[in-house]
Amino acid sequence: MDHSFQDVDKSLRLLETFALGPGYIHVSPRTVDLAMELLPKFFALCPKKDSLGKIAMPKNPLSDPDRVLTRLDSFVTAYGTRAMLYETWTSNSSLFELLLWLFDRSEFLAETAIRTPDLVDELELSGRLRRRKTAEQILQDLRHGRDDEDQRLWLRRYHQAELMRIGLRDILGLADFEQNLAELSALADACLRYGLEVVLRKNKFKTPPLVVLGLGKLGGAELNYGSDLDIMFVAGSRTRNLPMLQRLAAEVMDLLSRPTELGVAFVTDARLRPDGEKGLLVNTLETCEDYYRRRAMLWEIQSLTRVRAIAGDMKTGEQFRRLAATLANFSPENAAAGFRVRVTPATPAPPRAGRNLKAATKESRSGLAAYRHDWKTEIAKMRARIEKERTPPGKNDLAIKTGWSRLTKAHLALVAGGLLALAVLPGHWFGPDVPQPARERNALPPADASSLIDNYRDLLRIECILRRWSFEGEAVLPDDPAPLYRVAVRCGFADADSFMKAVGAHRTAIRSVYNKVMNEA
């Protein structure tokens with residue numbers, strides 16, 4: 001039996017180097033013996049082909065043994081002390097296997113591990129891989145570096161270590177798919193909160209004068225590997241010093257996004273704000289309401305279906321959430337009421353507050369220019385246009401994000417009851433809380449709701465695995481058989497055919513529910 005190496009000669013040279021060293025350094029007999037103990041553990045993870053060409057797949061197989069072996073050689077060279085490294089691996093074989101899976105499952109994290117070879121050891125031996133972290137716990141960790149002279153580098157060093165921890169937990173199965181997205185989102189939340197704290201402290205603000213809102217994947221708390229952070233800055237309606245706030249918002253974005261020798265923490269994107277790139281970076285709540293009611297397009301209203309206050313003035317954030325929930329609720333009752341936001345006092349008013357009570361309970365402005373009775377038709381046209389413009393010619397079956405195999409999240413939100421039942425839906429589209437509110441509002445029959453969420457979850461998991469490899473947007477599956485096979489194995493399939501059949505089944509199920517909803521008047 002062979003071990004599925006494609007370049008046998010190169011693999012033999014690398015295996016010899018692993019055991020005997022590169023030739024220009026002395027390797028002790030003890031180190032050679034340790035290497036010979038480790039190699040069978042490597043071979044045990046390789047798919048094996050018998051004399052008839054039939055492949056036997058071990059549990060959690062490596063998709064590309066050649067690449068793993070090359071990465072292993074680079075890691076040993078970067079580590080330096082071969083004898084100490086092999087002693088550590090033989091006494092803790094799980095650490096060795098962890099690295100093999102890391103080199104196979106993520107090129108981005110593999111390069112990080114090679115640049116900082118002690119990082120993986122520290123995470124595994126300290127037990128930190130077994131711990132799940134919330135945004136608050138991550139924020140507390142970040143605050144330990146508040147006195148660091150270079151806050152950009154501190155934020156990136158911490159971010160790099162946390163990404164490795166989260167990625168390894170994902171690769172090892174220590175966190176399930178939904179937990180993984182939650183931890184990635186928690187890391188982004190904490191970095192935004194910490195970044196705002198740094199900027200406010202620098203500018204001597206005692207209380208936050210604005211709120212940082214998350215939209216898109218960030219707003220839905222389903223952030224993926226390498227995702228940008230779609231954010232918006234909003235100040236209270238009575239805010240007067242807007243020029244100062246523009247500078248504060250720009251500093252927060254710069255702290256997270258300016259390139260350094262360690263890269264960026266997160267790429268931040270504020271183009272979903274009112275008037276997009278031409279608009280102010282910070283708007284008041286009143287300005288936002290006027291824009292969305294009078295000038296926003298339908299897709300901008302759709303973007304409000306997943307808005308979440310993340311950092312800063314959470315009172316203003318809650319006011320914006322209520323506004324967004326009202327404007328993006330396209331139920332017949334809400335449309336007939338003029339999309340009004342009714343403001344009521346949180347506690348009973350004192351007897352002398354009659355005038356204030358009357359002011360507090362008065363209805364806000366009404367109307368929504370983007371709303372039209374045939375809004376479903378407009379959304380269907382928008383989705384069709386996206387598929388046509390963003391799907392490469394002839395690649396519809398392979399387009400995991402824009403083709404039939406995956407609807408954009410705004411459209412999926414619609415099908416799950418988004419614009420019809422937004423007021424009772426949480427930000428997560430794949431979580432266990434989604435089908436039930438949709439059923440309660442009769443937005444979807446129970447069977448359709450469950451089918452939609454289950455199939456969407458599986459396709460989103462595939463996208464996560466693709467993005468984990470490079471930390472970049474992977475919109476299309478490879479059409480070459482070799483890389484498609486590797487993707488299939490990383491996704492838990494034995495071959496590309498069974499993988500593509502599963503993708504096709506998910507695609508058909510989602511499209512079926514979508515068409516059913518869109519064809520209903």
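These are my notebook entries on a predicted protein model.

**Ground rules.** I number residues from 1 along each chain as its sequence is written. Since the model is predicted, local features need pLDDT of at least 70 and side-chain atom pairs count only at pLDDT 80 or more, while totals for chains, interfaces and linings use all residues, and side-chain values use heavy atoms, with hydrogens and water left out.

**Overall look.** I counted 24 helices and seven strands in the protein. Both are DSSP runs numbered from the N terminus: helices are H or I with at least four residues, strands are E with at least two. Next I checked burial: 53% of the 521 residues count as buried. Buried is under 20% relative accessible area, exposed is over 50%, and partly exposed lies in between (1.4 Å probe, protein chains only). Then I looked at contacts, meaning heavy atoms within 4.5 Å. Taking those between residues at least 6 apart in sequence, 71% join residues at least 24 apart.

**Strand β3.** I went to residues 210-214 and found five of five buried. Leu 210, Val 212 and Gly 214 sit on one side, Val 211 and Leu 213 on the other, and both faces are covered. What does β3 pair with? One partner is β4 (residues 229-235), antiparallel over five bridges; another is β7 (residues 308-312), also antiparallel, with four bridges. I use "pair" where DSSP finds at least two bridges between two strands. Val 212 bridges to Phe 233 in β4, and Val 211 to Gly 312 in β7.

**Nonpolar cores.** A core here is a set of buried Ala, Val, Leu, Ile, Met, Phe, Trp, Tyr and Cys residues joined through side-chain atoms within 4.5 Å. The largest one has 88 residues, and Phe 18, Phe 42, Trp 89 and Leu 102 have the most contacts inside it. Helix α10 (residues 177-202) gives the most to this core, with 12 residues. I also noted another core lying apart from it, with 27 residues, including Val 234 and Phe 330. In soluble globular proteins, nonpolar side chains tend to be buried together.

**Trp 89.** Which residues does Trp 89 touch, leaving aside neighbours within four places in sequence? I listed Phe 18, Leu 38, Leu 72, Phe 75, Val 76, Leu 95, Phe 96 and Leu 99.

**Cavities.** α1 (8-20) and α3 (65-79) each supply at least two lining residues; α3 gives the most, with five.

In α7 (residues 118-125), I found Leu 119, Val 120, Asp 121, Leu 123 and Glu 124 buried. They pack against α3, α5 (93-105), α6 (107-115) and α9 (151-172). Just after α7, Gly 127 has a positive phi of about 85°. In α23 (residues 481-490), Leu 484, Val 487, Ala 488, Val 489 and Arg 490 are buried. Gly 492 follows α23, with a positive phi near 95°.
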